[in-house]
Each structure stands twice: as structure tokens, then as C-alpha cells.
Amino acid sequence: MTDITITDSILYVGTDDKTIDLFESQYLVPNGVSYNSYVILDDKIAIMDSVDERAAAGWLRNLEKALDGRIPDYLIISHMEPDHAGSIQVLAEKYPSMQFVGNMKTFQMMEQFFEFDMSDRKVVVKEGDTLSLGSHTLQFFMAPMVHWPEVMVEYEQSEKVLFSADGFGKFGALDTEEDWAYEARRYYFNIVGKYGAQVQALLKKAAGLDISMICPLHGPILKENLEYYIGKYQIWSSYEPEDEGILIAYASIHGNTKKAAEKLAEILEKKGAKKVVLTDLSRDDMAEAVEDAFRYDKLVVAAATYDGGIFPCGEKFLMHLKSKNYQKRTVGFMENGSWAPMAGKLMKAICEPMKEITIAEPVVTIKSSMKADTIEAMEQLADALLNERK
């Protein structure tokens, strides 16, 4: 177990998973992921969430060590997604007197996932309710659609600890040294990004609490400079750009659209663009491309036409943005087509209905490969992007 110190009476019992390749079967996690779980030791003992069943054995060993022969009174269930709730049944069977603490939606979902009898073991809580463990008191705050409907967070009043469910989580095992913002941003926009309004509502509740520590269900425990982490969530959940820059995301078949994307980057840099980032949608991590689209204030999508539509990885990228509520950005397009270019029109049709999206003109059309007129249009597009004032 990774050695994590929280407080004398709040212990970390989670596990790192270095064997997982894809989180939620879609997001690359080269440094694994942590499944965080905690124990509050008091007159009554509360376990704060379980872990994915793939990590159950290690978690149970950590838990037994922390309990040191005592029997837990409660399992607090913040979130029913299987990466946190997957080991509920094994725990229920191990400790038959233990009660489950959740809200009404929690128990509706538990009955969908599990088949054991929980009828006399439920403690149903609602917004603002408290649960005394002795010297520790947990207060419950509902966080619907952050990012499932049953999610709630818990605030321990005596030690001022916020158990934040998936909020403030990140990819990466706890024994990995890496930039928090990079993996937390990639995690946030790909997992929670659609639900900015709901995150804003939760942040308003948290603003009324005196928080000294944040304990998420993934990633490191946050003990210092909490204003930094909360500030990032304020930016991300309000869909404001985090940095000034232009992401050029290209979907190229034989390399000509890639060359055009690289040429546009060169033009933009010569014209004084503060930062230009290129991503190959066929090869680079799609989750990182989505992260960068939200990070920067401008985006150019360059895609070949394919079977009368958008080259699939380009379309996939745009649909990811649409599903995650992409907004408040300036977007430009470049299309390629040897006989019937269609990608530009179709890409615009996806983006135009998005909230507060400004389309930079012109749409650059490449017919097979770059020519002088193509570069002239790219110069015009670069001017439109750099002259745009939000």
C-alpha cells in the first residue's frame, strides 16, 4: 500500500492499480490509477467507499490492518460507479452487521448492481444530514450528475476534511510523480466535462465550508494551496479557456492534410500567436486532444473528406467535444477532398449549434495538396483567428 498520511484517526486504505490499460475501457492511463478509500476510527467506525473489484484483495488487506480487529459500523457510499462500489458485496458479506449510508438514489442503484438483502441495513441520508461517529461528524451534501445522479460528498466537521467523490480526482497511481493539472484536467473534461453547471453548484456548497483537506476517490490527497485546485475547477466547470493558445487538430489520410496543418501552425507562429499546439487525431491520445481543446481559447480542425463525410477520427473528436458541452471558443476549419470536399460543411454543422462558438472564416479548402491559393486562404484564416476578440 502507498504510505499516505491523512490524520491520526482518518486512515488511507486505498490501492494503486498499475495493471489497468484503459480507464472506463476508453481512456489511456499509462501511469495507472488509484482507487481511494478511507477509514474514520472513532466510537463508531466508518469506511469511506470501497474500490474496484479488480483491486479488492489488496484493499481488504489494507482495511483489515487499519481496523486492527474492530468491526466497521458504516460503509459510506459516495458513488455507485463500479470503480468505487465494485467491492460492496464482498464487504457486506464479511461484516454482516455493518450498515450502508447513502441517499435514495444510491440504494436504487445498489439493487441494480447487487442481489444481497440490504433491507435492514440502510441508512438513508439527504442534503445537510449529519452522522455522528463520536468526536467526528459527517455532513452530507448531494452532488447529482457530478457525474452520476446518486453522487454525494461528505464533510467531516471536526478535522475539516472534504471527501469529494470523483471531484478533484485525476488519472495516475499515487506513487507516480507527475503534474497534477495535466492529468486532473484530462480526467475532468473527459469524465465530468459535460456537467459544468452541476459542478458549479457543488462548488457553491463547498465555498460555505471551512476545508483543510480534500480527499478524492482518485488521485492524491490535497492538503496545501487548496485555492489553486478549487480555482482550476472554477475555470473548468465554467467552460472558460484556461490559457491563450490555438489547438490545431488534424485528421489526415495520406499526409497532405497534416502538411497543411503544420503550415497553418507555421503561419500562426510567424504572425505572433502566443502558443500553437498540433495533435494528430489518428495517432495521439483522443482524451488529451479533448483536454487541449478545452484548455485553449481557439481551435482549428483540419480533416479530410471520407466517404462523403468527415474522416472518422476527426468526426469522433468533434462528437466528443459536443458530448462534453464544448463552448465559449473560436473555431476554424480546414477541409481536404480530391473530388468533392465536404468535411468543412459537415464540421461547421456540428459546431455551429454549440453555445457561444465563433466560427473563424474562411473555411480553407485543400484539393488533394496545398497550392498557392490554399496558403493564401490559410493566411486569411490565421488573421481571423488572431484578430478575434472574445
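Predicted model: local features only at pLDDT ≥ 70, side-chain atom pairs only at ≥ 80, totals over all residues.
Which hand, left or right, does the crossing of helix 9 and helix 10 have? The crossing of helix 9 and helix 10 is right-handed.

## Two helix pairs

Two packed helices are described by the angle between their axes and the distance between the axes. Helix 9 covers residues 286-295, and its axis lies 10 Å from that of helix 10, at an angle of about 55°. Helix 9 and helix 10 are therefore oblique to each other. On the side of helix 9, the contact is made by Met286, Ala289, Val290, Ala293 and Phe294, while helix 10 brings Cys313, Lys316, Phe317, His320 and Leu321. Sorted by class, the contact of helix 9 with helix 10 has eight nonpolar residues, one polar residue and one charged residue.

Now turn to helix 8 (residues 256-270) and helix 12 (residues 372-387). The axes of helix 8 and helix 12 come within 10 Å and cross at roughly 50°. Helix 8 and helix 12 are therefore oblique to each other, and helix 8 passes helix 12 in a right-handed crossing. From helix 8, the residues that meet helix 12 are Ala260, Lys263, Leu264, Ile267 and Leu268. Their partners in helix 12 are Ile375, Met378, Glu379, Leu381, Ala382, Leu385 and Leu386. The contact of helix 8 with helix 12 holds ten nonpolar and two charged residues, with no polar ones.

While you are looking at helix 12, find Thr374, which belongs to that helix. Is Thr374 buried or exposed? Thr374 has a relative accessible area of 4%, so it is buried, the cut-off being under 20%. Leaving aside residues up to four places away in sequence, Thr374 touches Val364, Thr365, Ile366 and Ser369.

## Aromatic rings

How many aromatic pairs does a search of the whole structure find? The search finds 23 aromatic pairs. A pair of aromatic rings is described by the distance of the centres and the angle of the planes. Two of the pairs share Phe171, and they are set out here.

| Ring pair | Distance of centres | Angle of planes | Arrangement |
|---|---|---|---|
| Phe23 and Phe171 | 5.5 Å | 70° | edge-to-face |
| Phe171 and Tyr187 | 5.2 Å | 75° | edge-to-face |

The pair of Phe23 and Phe171 links distant parts of the chain, 148 residues apart. Phe23 sits in strand 3 (residues 22-23), whereas Phe171 is in the loop between strand 14 (161-163) and helix 5 (180-192).

Phe23 has 3% relative accessibility and counts as buried. Phe171 is buried at 0%, and Tyr187 is buried at 1%.

Elsewhere on your tour of the rings, look for one aromatic cluster formed by Phe168, Trp180, Tyr188, Phe189, Tyr228, Tyr229, Tyr233, Trp236, Tyr239, Phe294 and Tyr326.

## Backbone details

Most residues other than glycine have a negative phi, and most peptide bonds are trans.

Which residues does a cis peptide bond join, with omega about 5°? Val146 and His147 are joined in this way. His147 is placed in the loop between strand 12 (137-142) and strand 13 (152-156). The peptide bond from Glu361 to Pro362 is also cis, with omega near 5°. Pro362 belongs to the loop between strand 21 (357-359) and strand 22 (364-366).

Next come two residues with a positive phi. Ser25 is not a glycine, yet its phi is positive at about 60°. Ser25 is in the loop between strand 3 and strand 4 (27-28), and at 64% relative accessibility Ser25 counts as exposed. Asn325, likewise not a glycine, has a positive phi of about 70°. Asn325 lies in the loop between helix 10 (312-323) and strand 20 (329-336). With 32% relative accessibility, Asn325 counts as partly exposed.

Conventions
Residues numbered from 1 in each chain as written. Heavy atoms only, no water. Axes fitted to C-alpha atoms, helices over the stretch in contact; angles between N-to-C directions. Helix = DSSP H or I, 4+ residues; strand = E, 2+ residues; numbered from the N terminus. Parallel < 35°, antiparallel > 145°, perpendicular 65-115°, else oblique. Left-handed = near helix turned anticlockwise from the far one by under 90°. Contact = heavy atoms within 4.5 Å. Nonpolar A, V, L, I, M, F, W, Y, C, P; charged D, E, K, R; others polar. Buried < 20%, exposed > 50% of the residue type's maximum accessible area, 1.4 Å probe, protein only. Phe/Tyr/Trp six-rings, centres within 6.5 Å; stacked < 30°, edge-to-face > 60°.
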